[in-house]
Amino acid sequence: MTLEFTQNPAWYAVKSLPYLMKYPYECTEQTFSRFYANSLASHVANAHPKVKRVFDAWKNYQPEALESQLTKNQELKSALLEETPWVLQAQSEAAQRKNIGLLFDLNRMASEQENALRKLADRQEGNGGWSWFPGGRPNWYITQYIVEGMGHLKKLGVSDAVLDQKYTVMRAKAVQYIDFELKGHYEDLKESVEKGEAKFGEDHLSNMVIHYLYARSFFIKERNWKKTGSVNYEVRFSTNMDEALNYYLEQSKKFALNKGLYQQGMLALALLRWEAETTISNDIVKSLKERSLNHPELGMYWKYPRGWWWYQAPIETHSLMIEVFDEVAKDEKSVDDLKVWLLKNKQTTHWKTTKATANAVYALLMNGDNWLLEDKPISFEWAGEKFKSSDFDQEAGSGYFKTSWSGDYLENKESRLGNEAIATVKVANPNKNVAWGAMYWQYFEQLDKIKTFEETPLTMQKEIYKVIATDRGEQLEQVSNSDGKYSGVKIGDKLKIRIILRVDRDMEYVHMKDMRASGLEPIQVLSQYKWQDGLGYYESPGDVATNFFFSYLPKGTYVFEYPLRVQHAGDFSNGISSIQSMYAPEFTSHSAGVRLEVEK
């Protein structure tokens, strides 16, 4: 029996920071991400010396802390990493994590920060805008995204003194550029109205305008600029901006509740900062809360839209919601529940974009209590024993540890206390942050005696059908099943295996294995990548089982089918079907063991 526990999972998010620093492409967005990561790391190291000590411990004494989640806990996994298509992903993530030692090297940090800042300054056009790649035309969204990131650094308390005057001048020019873009956008609208092609009272609150109001709101000195006619801004507005701003702020009040999740979150923050407008902002928060989903384990979240647009990104949207509920609603419980979902998402997935990583780290560090500093020992009670997390050799920062009991010791416990007692562990967490863990009981059993296991986030059901040829084409007839024994099958019959899989959260790097009786042979013998109902996966038939590999498995219900041919008569064990997250092996499940009787 193994107990695996992570005392402070917030550190998993911080382990993602080097990904921002070492992203391989030279586009402007990634260059800013490198600058952002180094600025953030410098600030965190200086503001919280404990954080720097944790990274030093990982680098010098606990290198295993920087391994990819895919390479850990091999003894708990149904397949070796080398048997999966994800060997290169594991190497890539391990390399990223090992860069944490470089990221928190203060001398290197200053050099990297200066290099990224110099590149950004060189690429900035005379009008203050940036193109996506060098040589392109200035892009409104890319420039606005960088202004947003600069606002995040300001909100986190990264002072301009740390970043130097070059940065301040660059930021002022960028803000001026997005001001001109908004003004031009409004002038185009006025022209359309004059031509009779549009009306001012219609909804002209585009996604770019909403993003502008949010990004620009980090740099206002006073919120009542409109009421006083004052022009006292941290970064001065361009000439004649009042008319455009007045119009779009009124549009925000009128149409905010008609927008999507991401847009509503930005508008709630923008209206509060621009005009101290609490009524609409609070209405937005109320609407968001009514539509939220709440789960005792997963925390608070929404059914996020998925797509290719920047406002359809789940991690970025959720990170913004943390900011909304902290600043607008001042709802500490909701902020903590939202952080729980973000960390539970990190438990089973690997954040693959710089934007998602940057926004998630910002949300975790900026809003609510700083979970990185929580380190009180957690108490456990198991099978009549009491112990604390501090009794074990813990990983620095996250407090991760793993311990096992086996052999006679477990048998004595079971004989004295019974199954129920040793299958239960009680945990008392005195910290404010979420903590998680799992217990595994590994033992040998005959395949036929294994019962289905459904009390997990992954549940699966297996069915066997006989394919009958009719004048209307092939029809499926379910093979009779009596007490876990399938019968009524003959040599030469074509069977169709159906697996029904239910997943209650998004997962990555998931392996499903469907064993088969030795009297059956696969009809499709070539391994291939398949696409079914919006889900891509790799199917690989083997000698004793068919394997399915899912690089990304979204929440939902899925049905998989594949054909087999009956080759031999006899009474066979058909094995079990099992599924497991290779990234977080505690998420696993299996079907019941069954037998198959084949007539001659």
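**Close-up views of a predicted model**

**View 1. Strand 14 and strand 21 lie side by side.** Strand 14 (residues 507-515) and strand 21 run antiparallel and are joined by five bridges. Two strands count as paired if DSSP finds at least two bridges between them, and strands (E, at least two residues) and helices (H or I, at least four) are DSSP runs numbered from the N terminus. Look for H511, which stands opposite Q580 in strand 21. This is a predicted model, in which local features need pLDDT of at least 70 and side-chain atom pairs count only at pLDDT 80 or more, while totals for chains, interfaces and linings use all residues. Residues are numbered from 1 along each chain as its sequence is written, and side-chain values use heavy atoms, leaving out hydrogens and water.

**View 2. Strand 21 also pairs with strand 22.** Three bridges link strand 21 to strand 22 (residues 588-590) in the antiparallel sense. Here I579 has S589 of strand 22 as its bridge partner. Five of the five residues of strand 21 (residues 577-581) are buried, so this strand is largely enclosed by the rest of the structure. Buried means under 20% relative accessible area, exposed over 50% and partly exposed in between (1.4 Å probe, protein chains only). S577, I579 and S581 point one way from the strand, S578 and Q580 the other way. In a regular strand, side chains alternate between the two faces of the sheet.

**View 3. Here is the largest nonpolar core.** This core has 100 residues, and L213, W302, V324 and F325 have the most contacts inside it. Its largest share, ten residues, comes from helix 14 (residues 261-275). A nonpolar core is a set of buried Ala, Val, Leu, Ile, Met, Phe, Trp, Tyr and Cys residues joined through side-chain atoms within 4.5 Å. Beyond its neighbours within four places in sequence, F325 is in contact (heavy atoms within 4.5 Å) with residues including V285, M300, W302 and L338. A second, separate core of 33 residues includes L501, V510, F560 and V594.

View 4. The three strands are ordered 6-1-8 with antiparallel pairing. Strand 6 (401-404) and strand 8 (436-440) are the edge strands, each pairing on one side only. Strand 1 (residues 2-6) is joined to strand 8 by five bridges. Within this pair, L3 stands opposite M439.
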